[in-house]
Amino acid sequence: MDAFYASCELLRYPQLKGMPVVIGGGRRKEDDLLGKLQAAYPEGEWTEDTFAERLDRIPVDFFPRLNGYTGRGVITTATYAARQFGVGSAMGLMKAAKLCPQAIMLPVDFERYRYFSRTFKSIILDIAPVMQDRGVDEVYIDFTDVPGGQREGGRVLARLIQKSIFEATGLTCSIGVAPNKLIAKMASEFNKPNGISIVHEADLQTLIWPLACRKINGVGPKADEKLKGFGIHTIGELAASEPQWLVENFGKSYGAWLHEAAWGRDDRPLETESEPVSMSRETTFERDLHAVRDRAELGAVFTRLCEQVAADLQRKGYEGKTIGIKLRYDNFQAVTRDQTLTEYTAEAKHIRQVAGQCLKRVDLSRRIRLLGVRVGSLVKAGARATLDNHPMAAEETEHGPQTLLFTDD
């Protein structure tokens with residue numbers, strides 16, 4: 001999907017189309033916006049009863065701008081107009097404010113995004129039933145046995161999917177068609193937004209090899225920097241590297257995979273069914289909080305996180321028996337603590353009780369920047385099992401930068 005979260009917001013606020021917009025920050029505060037409108041238009045044009053029906057008429061000047069933003073919020077996604085200024089997903093809002101101070105900032109609304117996610121996936125399944133879910137805004141589809149799936153190399157079916165999604169939702173998507181998932185993923189980025197890209201095996205050298213190694217899904221920043229240190233910048237240069245040399249420098253498994261990926265080889269099938277390993281919720285505070293001086297505020301946040309995780313589990317029909325917490329201190333050091341139960345649970349009260357026990361095993365004398373709650377070892381609800389082992393605790397571990405729970409393109 002093209003700039004998925006931002007596109008969902010532009011359906012609500014069409015007056016912002018073509019403008020730099022970023023999605024991020026705290027929860028929606030529509031009451032504040034309504035108050036400003038009522039103060040500016042005292043004749044009663046804006047009321048609580050009509051506000052939701054008149055979102056497309058809110059003057060652009062009433063939306064908050066990034067200019068002068070202070071806080072720790074992170075961008076979830078940005079419109080393509082904002083990306084032209086170097087603003088992108090996972091970037092801090094304060095940094096984005098320096099790059100594009102005129103950008104309009106909208107808070108996230110995950111309930112809305114999940115609705116549109118379910119809608120576009122349902123449309124795809126009606127057309128091409130072999131689909132692998134890749135998160136809130138992305139899927140893999142197998143065209144092989146779909147009637148008409150091979151016409152024009154897959155372009156006819158891709159156009160049908162785009163047209164069907166747009167007519168039902170008003171949202172656009174970009175589709176890459178290729179012999180396997182690895183190349184299809186790269187191809188989907190070629191003609192954004194609302195593009196279709198067809199890559200055949202014979203196109204490997206002309207379309208894939210000139211790309212940067214980072215374009216391979218699975219080559220992260222550290223691997224990319226290491227490759228650059230060896231003078232390897234493009235996929236073509238990676239393909240020219242000796243397999244044994246890659247194994248010696250990147251390990252047996254990853255080195256062999258790098259060679260295969262550079263040559264466009266990927267035999268992974270679509271996984272139409274998968275089970276989540278864990279579910280979690282976390283939040284980064286606007287200011288560092290102390291366990292004693294900010295006890296009430298921290299306690300309220302902690303309870304809310306446990307309730308949110310429990311709601312996620314119940315909505316998706318899962319229970320878990322490993323409950324854990326995550327803290328990031330003001331010096332960015334992160335620690336975790338887990339406890340494994342003898343029975344499965346999805347109850348907020350039980351999760352909070354056990355997570356609270358985990359909290360007692362961490363240093364609470366330091367100020368806290370982030371707090372998270374996790375439930376793992378998941379099974380489908382009803383498949384309860386009793387274990388003979390006693391509760392056990394995980395060791396403290398270091399963590400790198402935290403990735404977003406809802407990714408965007």
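The entries below go from the ground rules to sheets, helices and a couple of single residues.

**Ground rules**

I am working with a predicted model, where local features need pLDDT of at least 70, side-chain atom pairs count only at pLDDT 80 or more, and totals for chains, interfaces and linings use all residues. Residues are numbered from 1 along each chain as its sequence is written, and side-chain values use heavy atoms, with hydrogens and water left out. For helices (H or I, at least four residues) and strands (E, at least two) I take the DSSP runs, numbered from the N terminus.

I began with an open sheet of 3 strands, in the order 2-1-3 and with mixed pairing. Strand 2 (75-78) and strand 3 (104-106) are at the edges with a single partner strand each, so one side of each has no neighbour in the sheet. From one strand to the next, I read an average twist of 30°. I then checked how strand 1 (residues 21-24) meets strand 3: they run parallel and are joined by 3 bridges. Pairing here asks that DSSP find at least two bridges between two strands. Opposite Ile 23 I found Leu 106 of strand 3.

Helix 1 (residues 4-12) packs on this sheet and touches strand 1, strand 2 and strand 3, its direction making about 70° with that of strand 2. Contact means heavy atoms within 4.5 Å. For the angles, axes are lines fitted to C-alpha atoms, for helices over the stretch in contact, and the values run from 0 to 180 degrees between N-to-C directions.

**Entry: how enclosed is helix 1?**

I counted 8 of the 9 residues of helix 1 as buried, so the rest of the structure largely encloses it. Here buried means under 20% relative accessible area, exposed over 50% and partly exposed in between, with a 1.4 Å probe and protein chains only. The buried set is Phe 4, Tyr 5, Ala 6, Ser 7, Cys 8, Glu 9, Leu 10 and Arg 12. Their cover includes strand 1, strand 2, strand 3 and helix 6.

Next I looked at that last neighbour. The axes of helix 1 and helix 6 come within 10 Å and cross at roughly 100°, which makes helix 1 roughly perpendicular to helix 6. The angle classes are under 35 degrees for roughly parallel, over 145 for roughly antiparallel, 65 to 115 for roughly perpendicular, and oblique for the rest. On the helix 1 side the contact uses Phe 4, Tyr 5, Cys 8, Glu 9, Leu 11 and Arg 12, and on the helix 6 side Phe 110, Arg 112, Tyr 113, Phe 116, Ser 117 and Phe 120.

**Entry: helix 6 again, with helix 7**

Helix 6 (residues 110-127) packs on helix 7 (residues 155-169) at about 140°, with the axes 10 Å apart, so I noted helix 6 as oblique to helix 7. Among the residues making this contact are Phe 116, Phe 120 and Ile 123 of helix 6, and Leu 157, Ile 161 and Ile 165 of helix 7.

**Entry: strand 11 and its neighbours**

Is strand 11 enclosed or open? I found 8 of its 9 residues buried, so strand 11 is largely enclosed by the rest of the structure. Strand 8 (residues 278-289) pairs with strand 11 in the antiparallel sense over 8 bridges, and Thr 284 has Leu 370 as its bridge partner in strand 11. Strand 9 also runs antiparallel to strand 11, joined to it by 8 bridges, with Ile 325 opposite Val 373.

Helix 15 (residues 348-359) came next. Its buried residues are Ile 351, Val 354, Ala 355, Gly 356, Cys 358 and Leu 359. They pack against helix 14 (295-316), strand 9 (318-329), strand 10 (334-345) and strand 11 (368-376).

**Entry: two single residues**

I looked up Glu 43 in the loop between helix 2 (30-40) and helix 3 (48-51). Glu 43 is exposed, at 56% relative accessible area.

Leu 207 lies in helix 9 (residues 204-208) and counts as partly exposed at 34% relative accessibility. Leaving out residues up to four places away in sequence, Leu 207 touches Phe 190, Ile 198 and Val 199.
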